[in-house]
Amino acid sequence: MKIFILSSGEYGSKIVNGIANHGFAEKIVGVHEFPPYEELPEFIEDIQEYVPENVPKADLIIATGIHGDVNMVIPEVVEKSNAKSVIVPIYHPKQVPIGLQNEIKKSLGGEIAIVFPKPFCSLTPIGDDFIDEFTAIFGKPKFEIHADDVIKSVKVLRGAPCGSSWYIAENIIGTQVDDGEFEANNKLHNFPCSSSMIVDTGTGDTILHLASYKMKEAIKRTLGFTNRVAVVDREICEGSGGCEHFCLKACPNVLSGSDTISLNDDGKACIDPGSCGACEICVNECPYGVIEIYEERVPVKKDPK
Ligand code: SF4
Ligand code: SF4
């Protein structure tokens, strides 16, 4: 697989380095660097002025760290490169608004696979050859952990493209297993994660928090338990009665495509302890006060993806 990267700013550079340092250096056939977004006009009249002159043949285009209208170079670059697949990771709420995402998709036509993972470390296989080859190493984190009461070794099976998963794997050795998810979260912030701390209106949470939920999920699914999770009291959940499922409508993980809250046949809510980030949003949104945060060991199912 040949990867051509369009990059801008510090976030873009971090992704380029992460991908190159963790196994895909030889697959990168070129990197085109755009100026940081502060130096680019908000509205672009002639996108041709920004299309790179030298575009190599490639299978997969990754457009990382690019804000606003400049992303309209993507269809031009796809055509010049003959690429079949595109990944546009979203790390900032204002980076590629939904309207612009739709415009890019429309310009590409139906033949090209394109995804906008928010954040990049939420990407999982989608059934596209090149995107799935990428997710063999990069995307939603997965670890293999050997532990007794403490964590003895950690292997990254799939890591965040910025490289944070490899940093976390090295730095949680020796941690008590009960503290694993929390210590991994601290290490993600130390790395640091470069996703935005501005609240994303599409999900009601920051993209930085979404990234931390994915990373903690990887630890929880490997260890098989969590020590902090939201739990619904199903006896008194009003989901089968008058409640409009406010928890489901407000959960940032649900709003970003995960099935963290589901409804059973009688309409009552059920929270998946593996992907729940314990953000407490549902606790505050439930008008009947039936969700609470448990701070004791709760089993977690292994991740099939
Ligand atoms: S908002 Fe509360 S009462 Fe309504 S479905 Fe969710 S948990 Fe149940
Ligand atoms: S605490 Fe509630 S809103 Fe937050 S991730 Fe868990 S289920 Fe979703």
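Residues are numbered from 1 along each chain as its sequence is written, and chains are lettered from A and ligands numbered from 1 in the order in which they are written. Because the model is predicted, local features need pLDDT of at least 70 and side-chain atom pairs count only at pLDDT 80 or more, whereas totals for chains, interfaces and linings use all residues.

The protein is divided into domain 1 (3–134), domain 2 (142–226) and domain 3 (229–299), with bounds that come from an automatic or database domain assignment. The C-alpha centres of domain 2 and domain 3 lie 22 Å apart. Between these two domains, 15 residues of domain 2 are in contact with 15 residues of domain 3, contact meaning that the C-beta atoms of two residues, placed from the backbone, lie within 7 Å. On the side of domain 2 that touches domain 3, helix 7 (207–223) and strand 10 (225–226) each supply at least two residues. Helices (H or I, at least four residues) and strands (E, at least two) are DSSP runs, numbered from the N terminus. Helix 7 gives the largest share of that side, eight residues. By class, the side of domain 2 that touches domain 3 holds three nonpolar, seven polar and five charged residues; Ala, Val, Leu, Ile, Met, Phe, Trp, Tyr, Cys and Pro count as nonpolar, Asp, Glu, Lys and Arg as charged, and the others, Gly among them, as polar.

An open sheet of five strands has the order 2-1-3-4-5, with parallel pairing. Two strands are taken to pair if DSSP finds at least two bridges between them. Strand 2 (28–34) and strand 5 (113–115) are the edge strands, each pairing on one side only. On average, and with direction ignored, neighbouring strands of this sheet are turned by 15 degrees against each other. Axes are lines fitted to C-alpha atoms, for helices over the stretch in contact, and angles run from 0 to 180 degrees between N-to-C directions. Three bridges link strand 4 (residues 85–87) to strand 5 in the parallel sense, and Ala113 in strand 5 is the bridge partner of Ser85.

Helix 1 (residues 9–24) lies across strand 1 (3–8), strand 2 and strand 3 (60–64), and runs at about 150 degrees to strand 1. In helix 2 (residues 73–81), the residues Val73, Ile74, Pro75, Val78 and Ser81 are buried. A residue is buried if 20 or more other C-beta atoms lie within 10 Å of its own, exposed if 12 or fewer, and partly exposed in between, with C-beta atoms placed from the backbone. The buried residues of helix 2 pack against strand 1, strand 3, strand 4 and helix 3 (98–108).

Strand 6 (residues 142–147) and strand 7 (residues 151–158) run antiparallel and are joined by six bridges. A hairpin of three residues connects strand 6 to strand 7, and Ser153 in strand 7 is the bridge partner of His146.

Several local backbone features stand out. Most residues other than glycine have a negative phi, and most peptide bonds are trans. Asn82, in the loop between helix 2 and strand 4, has a positive phi near 65 degrees. Asn82 counts as exposed because 12 C-beta neighbours lie inside 10 Å. Glu280, in the loop between strand 13 (269–271) and helix 10 (281–285), has a positive phi of about 75 degrees. Glu280 is likewise exposed, with 12 other C-beta atoms within 10 Å. A cis peptide bond with omega of about -5 degrees joins Lys118 and Pro119, and Pro119 lies in the loop between strand 5 and helix 4 (129–134). Another cis peptide bond, between Phe191 and Pro192, also has omega of about -5 degrees; Pro192 lies in the loop between helix 6 (180–190) and strand 8 (199–200).

Turning to the ligands, 13 residues surround ligand 1, the closest being Cys237, Gly239, Cys243, Cys247 and Cys286. A residue is near a molecule or strand if its C-beta atom, placed from the backbone, lies within 6 Å of it. The shell around ligand 1 has ten nonpolar, two polar and one charged residues. Ligand 2 is surrounded by 13 residues, of which Ala230, Cys251, Cys276, Cys279 and Cys282 are the closest. The shell around ligand 2 has nine nonpolar, three polar and one charged residues.
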